[in-house]
Amino acid sequence: MTASETPEVYAALAVIAAAARSAYADGSNLRVRSSGIVHEVAMTRWFAEERMPGPACQVGVSGWDPGAAHPDRGPVTCRRCLKLTGHEPPGEQLELFPTTEQDAPADGGDGPANTTA
């Protein structure tokens with residue numbers, strides 16, 4: 001399907017995309033449906049090469065339903081969005097592998113050796 005074959009469909013998609021872009025023109029963040037998570041906004045490719053505001057973290061939004069996302073003036077709370085934009089609060093991530101000797105097992109292994117014989 002090309003724009004020359006169905007111009008009314010492409011025109012309708014362009015109107016929907018333009019309306020969505022204008023809803024975020026004031027710098028609003030984005031919330032998906034009734035979720036409590038607020039995302040940073042990034043322009044994403046939608047149908048017919050139109051650009052739509054979407055979550056910067058690229059989390060799925062139910063088939064890119066334009067009605068699923070809503071502008072939100074609250075602060076970004078999505079951890080992935082915060083990390084991508086460099087605004088993640090320091091010290092919030094748990095360390096997977098200890099880096100200090102006091103946290104590591106004394107025997108240098110994975111834990112205490114099996115001493116039962």
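**Entry 1: Terms and model**

I call a residue buried under 20% relative accessible area, exposed over 50% and partly exposed in between, with a 1.4 Å probe and protein chains only. The model is predicted, so I note that local features need pLDDT of at least 70, that side-chain atom pairs count only at pLDDT 80 or more, and that totals for chains, interfaces and linings use all residues. I number residues from 1 along each chain as its sequence is written, and side-chain values use heavy atoms, with hydrogens and water left out.

**Entry 2: The whole chain**

I looked up the elements and found two helices and five strands in the chain. Here helices (H or I, at least four residues) and strands (E, at least two) are DSSP runs, numbered from the N terminus. Read from the N terminus, their order is α-β-β-β-β-β-α. Of the 117 residues in the chain, 25% are buried. I take contact to mean heavy atoms within 4.5 Å. Among contacts between residues at least 6 apart in sequence, 53% join residues at least 24 apart. The chain exposes about 8300 Å², and 56% of this comes from carbon and sulfur atoms; the areas are from the Shrake-Rupley method with a 1.4 Å probe, and for residues only the protein chains shown count as cover.

**Entry 3: Helix H1**

I followed helix H1 over residues 7–23. Its 17 residues reach 24 Å from the first C-alpha to the last, close to the 24 Å expected at 1.5 Å a residue; the expected span is 1.5 Å times one less than the number of residues. Which residues of H1 are buried? I found Leu13, Ala17 and Ala20. They lie on the same side of H1 because they cover an arc of only 60° around the axis, an arc taken from the directions from the helix axis to the C-beta atoms. An α-helix has 3.6 residues a turn, so residues three or four places apart point the same way. The buried residues of H1 pack against strand E4 (51–55). On the other side of H1, I noted Glu8 and Val15 as exposed.

**Entry 4: The open sheet**

I next traced an open sheet of three strands, in the order E2-E1-E5 with antiparallel pairing. Strand E2 (38–39) and strand E5 (69–72) are at the edges with a single partner strand each, so one side of each has no neighbour in the sheet. Two strands pair if DSSP finds at least two bridges between them. Strand E1 (residues 29–32) pairs with E2 over two bridges, and four bridges join E1 to E5. Leu30 stands opposite His39 in E2 and opposite Pro71 in E5. The bridge partner of Arg31 in E2 is Val38. E1 and E2 form a hairpin with five residues between them, and Arg33 in the turn has a positive phi of about 45°.

**Entry 5: Pro71**

I then turned to Pro71, which is in strand E5. Pro71 is partly exposed, at 37% relative accessibility. Leaving out residues up to four places away in sequence, Pro71 touches Ala23, Tyr24, Ser28 and Asn29. Pro71 and Tyr24 are 47 residues apart in sequence, yet 6.3 Å apart in space from C-alpha to C-alpha.

**Entry 6: Cysteines**

How many disulfides does the structure hold? I found zero, taking a disulfide as a pair of cysteine sulfur atoms within 2.5 Å. The closest cysteine sulfur to that of Cys57 is in Cys81, 3.8 Å away and too far for a bond. For Cys78 the closest cysteine sulfur is also in Cys81, at 3.6 Å, again too far for a bond. Cys57 is buried at 3% relative accessibility, and Cys78 is buried at 8%.
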